[in-house]
Amino acid sequence: GTTVTTKRHTNHLLTVAQAAERLGTTERFPRRLIAERRITFVKLGTHARIPARALDEFIAASTVEAAE
């Protein structure tokens, strides 16, 4: 896979298809998140990639804990 290396961590860049697979959705959903600027993404020419960390953060922010 494609990786971006910084001083503190290595973060994988996911394709829209890979992000959709991790979310269990169609590709339309992560594309909409990108279009609405609801998720961090990297633009490589005409290609959009979603950092794995950004997807993990999106999932965490969207998680609703069960009531006790």
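**Helix packing and the nonpolar core**

In the predicted model, helices α1 and α3 pack at an angle of about 30°, and their axes lie 11 Å apart. Since angles under 35 degrees count as roughly parallel, α1 is therefore roughly parallel to α3. The crossing of α1 past α3 is right-handed. On the α1 side the contact is formed by Ala19, Arg22 and Leu23, and on the α3 side by Ala52, Leu55, Asp56 and Ile59. Five of the residues in the contact of α1 with α3 are nonpolar and two are charged, with no polar residues.

Helix α1, spanning residues 16–23, also packs with helix α2, residues 28–35, at an angle of about 115° and with the axes 8 Å apart. The two helices α1 and α2 are therefore roughly perpendicular to each other. Their crossing is right-handed. Val16, Ala19, Ala20 and Leu23 of α1 meet Phe29, Pro30, Arg31 and Ile34 of α2 in this contact. By class, the contact of α1 with α2 comprises seven nonpolar residues and one charged residue, and no polar ones.

The largest nonpolar core contains twelve residues, namely Leu14, Val16, Ala19, Leu33, Ile34, Ile39, Ala48, Ile50, Ala52, Ala54, Leu55 and Phe58. At least two residues of this core are supplied by each of α1, α2, β4 (47–51) and α3 (52–62). Helix α3 provides the largest share, four residues. Ala48, a member of the core, is in contact with Leu14, Val16, Ile34, Phe41 and Val42 when its neighbours within four places in sequence are left aside. Ala19 belongs to the core and takes part in the contact of α1 with α2 as well as in that of α1 with α3.

Notes: Residues are numbered from 1 along each chain as its sequence is written. This is a predicted model: local features need pLDDT of at least 70, side-chain atom pairs count only at pLDDT 80 or more; totals for chains, interfaces and linings use all residues. Side-chain values use heavy atoms; hydrogens and water are left out. Axes are lines fitted to C-alpha atoms, for helices over the stretch in contact, and angles run from 0 to 180 degrees between N-to-C directions. Angles under 35 degrees count as roughly parallel, over 145 as roughly antiparallel, 65 to 115 as roughly perpendicular and the rest as oblique. A crossing is left-handed if the near helix is turned anticlockwise from the far one by less than a right angle, and right-handed if clockwise. Contact means heavy atoms within 4.5 Å. Ala, Val, Leu, Ile, Met, Phe, Trp, Tyr, Cys and Pro count as nonpolar, Asp, Glu, Lys and Arg as charged, and the others, Gly among them, as polar. A nonpolar core is a set of buried Ala, Val, Leu, Ile, Met, Phe, Trp, Tyr and Cys residues joined through side-chain atoms within 4.5 Å. Buried means under 20% relative accessible area, exposed over 50%, partly exposed in between (1.4 Å probe, protein chains only).
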